Amino acid sequence: MYLRGLELQGFKSFPDKTVLTFGKGITAVVGPNGSGKSNISDAMRWVMGEQSSKALRGEKMAGVIFHGCATRKESPFAQVTLTIDNEDGALGVDSEMVSVTRKLYKNGDSEYLINGSPVRLKDVNELFMDTGLGKDGYSIVGQGRIADIVNGKGSDRREIFEEAAGVAKFRYKKQEAERK
Ligand code: ATP
Ligand code: MG
């Protein structure tokens, strides 16, 4: 499983539809300060279901929508699609390519899609659980995260190991069953 592509439209500093294609191996994003590198990793977190605007370096969630500038009007929505190559089936879905889309309108309406079909946030979270991807996965290591892990509570650290070991899904399913 690896990241195949990212499509952004109206997200932060990307008003126009922008398509990024990644290959296997190392990909580096380089550019001057303020050119939008971190906005790309924010877009990845966001499409994987991040609910904290602080984690996306903003005050409100609507802050992810392109807010306009001297020469351009603001965008009516933000949309990001993440495409994952799932040829090895690691995502546990019967599809060689899996795309996840999140869209947020200025009025607060939001949508999630998996392979073009509308789904709930819960479905997006379940898709990424135990894969290392997802908003709480270890595949995105942000600034300060290592210090958080080292200095954090044992229970928080345990969650990271459980995700890596593939236990998180079973714990989640047990909690779901107990709630019913
Ligand atoms: P650095 O090298 O300093 O880390 P960077 O390449 O990571 O920079 P980003 O933080 O990704 O840069 O991008 C910052 C830019 O994104 C700023 O110019 C900011 O104004 C712009 N930006 C953030 N949110 C929005 C938004 N909603 N609409 C328009 N522009 C935005
Ligand atoms: Mg940056």
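A: Let's start with the layout: 23 Å separates the C-alpha centres of domain 1 and domain 2. Domain 1 runs over 2-129 and domain 2 over 141-180, with bounds from an automatic or database domain assignment. This is a predicted model, where local features need pLDDT of at least 70, side-chain atom pairs count only at pLDDT 80 or more, and totals for chains, interfaces and linings use all residues. Residues are numbered from 1 along each chain as its sequence is written, while chains are lettered from A and ligands numbered from 1 in the order in which they are written.

Now for the close look. Helix α4 covers residues 154-165 (helices are DSSP runs of H or I, at least four residues, numbered from the N terminus). Its end C-alpha atoms are 16 Å apart, which agrees with the 16 Å that its twelve residues should span at 1.5 Å a residue (1.5 Å times one less than the number of residues).

Just after α4 comes glycine 166, with a positive phi of about 85°. Then look at helix α5, residues 168-179. From first C-alpha to last, the twelve residues of α5 reach 17 Å, close to the expected 16 Å. Helix α5 is hardly covered, with one buried residue among its twelve.

Note on methods:
Helices (H or I, at least four residues) and strands (E, at least two) are DSSP runs, numbered from the N terminus. A residue is buried if 20 or more other C-beta atoms lie within 10 Å of its own, exposed if 12 or fewer, and partly exposed in between; C-beta atoms are placed from the backbone.
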